[in-house]
Amino acid sequence: LERLEPAEKILAALHAENKADAGIFSELARIYVRLGAPEKLRRAFAETAAELEKSDADRRELAAQLAALREPMIDAFTRLKDHRSAIEQHI
């Protein structure tokens with residue numbers, strides 16, 4: 001429905017409650033790309049990655065989860081013309 005601002009508010013609130021939820025983060029990331037908000041995307045990604053790293057998950061499983069999060073971020077940051085952040089995710 002192209003109601004991006006209300007969607008952002010709802011998803012940002014959900015993300016604040018559960019920063020380790022990759023599904024919520026992915027949806028929020030899509031909104032930030034459509035809004036053209038690379039700084040918000042960088043912040044949300046950093047929060048999600050930090051929360052996942054705090055988890056008790058096996059290190060290999062954690063590495064796989066983070067890689068799965070980073071891969072779509074390369075495209076997202078490229079679309080936002082934030083090439084430095086895209087390269088950081090690629091590395």
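The largest pocket of this predicted model holds about 200 Å³ of space. A pocket here is an open set of points on a 1 Å grid over the protein atoms alone, where a 1.4 Å probe fits, with protein on both sides within 12 Å along at least five of seven lines. The volume is the space filled by probe spheres set on those points, which are joined across faces, edges and corners. Lining residues, which have an atom within 4 Å of a point, include Phe25, Arg30, Val33, Leu69, Met73 and Arg79. Helices α2 (22–35) and α4 (59–79) each supply at least two residues of this lining; helices are DSSP runs of H or I with at least four residues, numbered from the N terminus. By class, the lining has 7 nonpolar, 1 polar and 4 charged residues. In this count, Ala, Val, Leu, Ile, Met, Phe, Trp, Tyr, Cys and Pro are nonpolar, Asp, Glu, Lys and Arg are charged, and the others, Gly among them, are polar.

Residues are numbered from 1 along each chain as its sequence is written. Local features need pLDDT of at least 70 and side-chain atom pairs count only at pLDDT 80 or more, while totals for chains, interfaces and linings use all residues; side-chain values use heavy atoms, leaving out hydrogens and water.

At the N-terminal end, Asp21 caps α2, with a side-chain oxygen 2.9 Å from the backbone nitrogen of Gly23. After α2 comes Gly36, whose phi is positive, near 70°. Several α2 residues are buried, among them Ile24, Phe25, Leu28 and Tyr32. Buried means under 20% relative accessible area, exposed over 50%, and partly exposed in between (1.4 Å probe, protein chains only). The cover over the buried residues of α2 includes α1, α3 (38–54) and α4.

Beyond its neighbours within four places in sequence, His15 is in contact (heavy atoms within 4.5 Å) with Ile24, Phe25, Leu28, Ala44, Glu47 and Thr48. Thr48 lies in helix α3 and, at 0% relative accessibility, is buried too. Not counting residues up to four places away in sequence, Thr48 touches His15, Lys19, Phe25 and Leu69.

Note on methods: A polar contact is a pair of N or O atoms within 3.5 Å; within protein, one must be able to donate a hydrogen and the other to accept it, and residues adjacent in sequence count only if both atoms are side-chain atoms.
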